[in-house]
Amino acid sequence: MKALILDQEEDIRDLLAYILEQEGFEALAIESEADVCVVAAVYRPHVILLGTCTDEIARAAVCRSLRKIPGITYALIIFLTTDDDCTHRIWNQDAGMDACVSMPVTPRALLEIIRAQLATRAA
């Protein structure tokens with residue numbers, strides 16, 4: 001399975017890629033929200049982690065754009081946020097996200113969320 005990671009922080013991108021690769025994912029990490037749709041269309045990820053973007057509105061716009069790309073409408077989109085309770089969860093679901101994860105999160109917890117979401121899709 002393939003995972004695409006978008007975050008402006010290199011250390012976070014590297015850590016998330018490492019965690020996912022240890023779980024057997026092929027991970028690609030990028031920092032530019034301007035490039036994410038082009039990369040996703042070519043890479044065709046199964047999981048997309050959207051970390052820090054310019055702002056919450058930009059992240060929702062990226063999510064909406066990703067949902068329109070033929071061939072990856074099935075992709076699991078997870079927002080990573082520093083908001084303790086994902087207060088914008090309902091608004092983000094309207095944008096097409098599947099889950100919202102408050103950071104910091106343990107690698108084990110993040111992988112459990114990803115596995116659970118993927119299992120729900122497979123059922």
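Figure 1. Cys 37 is partly exposed, with a relative accessible area of 22%. Cys 63 is buried, at 0%. (Buried means under 20% relative accessible area, exposed over 50%, and partly exposed in between, using a 1.4 Å probe and protein chains only.) This is a predicted model, in which local features need pLDDT of at least 70, side-chain atom pairs count only at pLDDT 80 or more, and totals for chains, interfaces and linings use all residues. Residues are numbered from 1 along each chain as its sequence is written, and side-chain values use heavy atoms, with hydrogens and water left out. A search of the whole structure finds zero disulfides (a disulfide is a pair of cysteine sulfur atoms within 2.5 Å). Cys 37 is in no disulfide.

Figure 2. The protein has five helices and five strands. (Helices, H or I of at least four residues, and strands, E of at least two, are DSSP runs numbered from the N terminus.) Along the sequence the pattern reads β-α-β-α-β-α-β-α-β-α. Buried residues make up 41% of the 123 residues. Take the contacts between residues at least 6 apart in sequence: 60% of them join residues at least 24 apart. (Contact means heavy atoms within 4.5 Å.)

**Figure 3. The largest nonpolar core.** In soluble globular proteins, nonpolar side chains tend to be buried together. (A nonpolar core is a set of buried Ala, Val, Leu, Ile, Met, Phe, Trp, Tyr and Cys residues joined through side-chain atoms within 4.5 Å.) Which residues touch the most other members of the largest core? They are Ile 48, Leu 50 and Leu 66, out of 22 residues. Strand E1 (2–6), helix H2 (36–43), strand E3 (47–50), helix H3 (56–67) and strand E4 (76–81) each supply at least two residues of this core. H3 gives the largest share, five residues.

**Figure 4. Leu 66 and its contacts.** Set aside the neighbours within four places in sequence. Leu 66 is then in contact with Val 36, Cys 37, Ala 40, Ile 48, Leu 50, Ile 72 and Ile 77.

**Figure 5. Pro 45, buried in a loop.** Pro 45 is found in the loop between H2 and E3. Is Pro 45 buried or exposed? Pro 45 is buried, with a relative accessible area of 0%. Not counting residues up to four places away in sequence, Pro 45 touches Lys 2, Ala 3, Leu 4, Ala 40, Ile 72, Tyr 74 and Ala 75. Pro 45 and Ala 27 are 18 residues apart in sequence, and their C-alpha atoms are 8.7 Å apart in space.

**Figure 6. Leu 28, on strand E2.** Leu 28 has its place in strand E2 (residues 26–30). Leu 28 is partly exposed, with a relative accessible area of 31%. Leaving aside neighbours within four places in sequence, Leu 28 is in contact with Ala 3, Leu 4, Ile 5, Val 39 and Tyr 43. Leu 28 and Leu 6 are 22 residues apart along the chain, and 8.8 Å separates their C-alpha atoms.
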